[in-house]
Amino acid sequence: MQKPVSVDRAAVVRLYDRGRGMIAVSFGGGVNSTAMVCEMVRRCEPINLIIFADTGGERPDTYAHIDTFSDWLIEREYPAITKIGPEPCTVFDTTAATL
């Protein structure tokens, strides 16, 4: 089992400033991820991308919260929450393969 890696804020900012990548946040729409992003905003942490992986099974209140929170982020000059999915997918191309 690997030990957790501890990275301080200064290290994250140094990597960001050197152009070694982007800061992407996985946002679940719940209390914990909302609190984490709020704290990042409070600390003026850089965020380039906020992703919500939509399974299509969330409650209507969760979707409303995501939209409201996304607007709140935009007002503070942070990126809007990007929703990904749900989209039907095909494991096999049925026109090219037979089982």
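## Salt bridges, a core and some stacked rings

Let's start with charge: the count of salt bridges here comes to four, where a salt bridge is a side-chain nitrogen of Lys or Arg within 4 Å of a carboxyl oxygen of Asp or Glu. Before going on, keep in mind that this is a predicted model, so local features need pLDDT of at least 70 and side-chain atom pairs count only at pLDDT 80 or more, while totals for chains, interfaces and linings use all residues. Residues are numbered from 1 along each chain as its sequence is written, and side-chain values use heavy atoms, with hydrogens and water left out.

Why do salt bridges turn up at all? Side chains of opposite charge can pair when their charged atoms come close. Have a look at E39 for an example. Its side chain meets that of R42 in a salt bridge, 2.6 Å from N to O, and the side chains of R43 and E39 meet in another, at 2.7 Å from N to O. That links E39, R42 and R43 in a network of salt bridges. R42 and E39 both sit in helix α2, three residues apart, which is about one turn of the helix. (Helices are DSSP runs of H or I with at least four residues, strands are runs of E with at least two, and both are numbered from the N terminus.)

R42 counts as exposed, because its relative accessibility is 59%. E39 is partly exposed, with a relative accessible area of 26%, and R43 is partly exposed too, at 43%.

Another salt bridge joins the side chains of K83 and D67, at 2.7 Å from N to O. K83 lies in strand β3 (residues 81–84) and D67 in helix α3, so this pair ties together parts that are 16 residues apart in sequence. K83 is partly exposed, with a relative accessible area of 38%, and D67 is partly exposed with a value of 38%.

Now head inside. In soluble globular proteins, nonpolar side chains tend to be buried together. A nonpolar core is a set of buried Ala, Val, Leu, Ile, Met, Phe, Trp, Tyr and Cys residues joined through side-chain atoms within 4.5 Å. The largest one here has 14 residues, and those with the most contacts inside it are F27, V37, I47, I50, L73 and I81. The elements giving two or more residues to this core are α2 (31–42), β2 (49–53) and α3 (60–75). Take L73 and skip its neighbours within four places in sequence: L73 is in contact (heavy atoms within 4.5 Å) with V37, V41, I50, Y78, P79 and I81.

F27 also leads us to the aromatic rings. Rings of Phe, Tyr and Trp (its six-membered ring) pair if their centres lie within 6.5 Å; planes under 30 degrees apart count as stacked, over 60 as edge-to-face and the rest as tilted. The whole structure has three aromatic pairs. F27 and F69 form a stacked one, 5.4 Å centre to centre with 20° between the planes. F27 lies in the loop between β1 (24–26) and α2, and F69 in helix α3, so the pair ties together parts that are 42 residues apart in sequence.

F69 is buried at 5% relative accessible area, and F27 counts as buried at 2%. The ring of F69 also pairs with that of W72: their centres are 5.4 Å apart and their planes at 10°, so this pair is stacked. F69 and W72 both lie in helix α3, three residues apart, about one turn of the helix. W72 counts as partly exposed, at 27% relative accessibility. Together, F27, F69 and W72 form one aromatic cluster.

Our last stop is D54, in the loop between β2 and α3. Is D54 buried or exposed? At 12% relative accessibility, D54 counts as buried. Its side chain makes a polar contact with the side chain of Y63 at 2.6 Å. (A polar contact is a pair of N or O atoms within 3.5 Å; within protein, one must be able to donate a hydrogen and the other to accept it, and residues adjacent in sequence count only if both atoms are side-chain atoms.) The side chain of D54 also reaches the backbone nitrogen of G56, at 2.7 Å.

Technical notes
Buried < 20%, exposed > 50% of the residue type's maximum accessible area, 1.4 Å probe, protein only.
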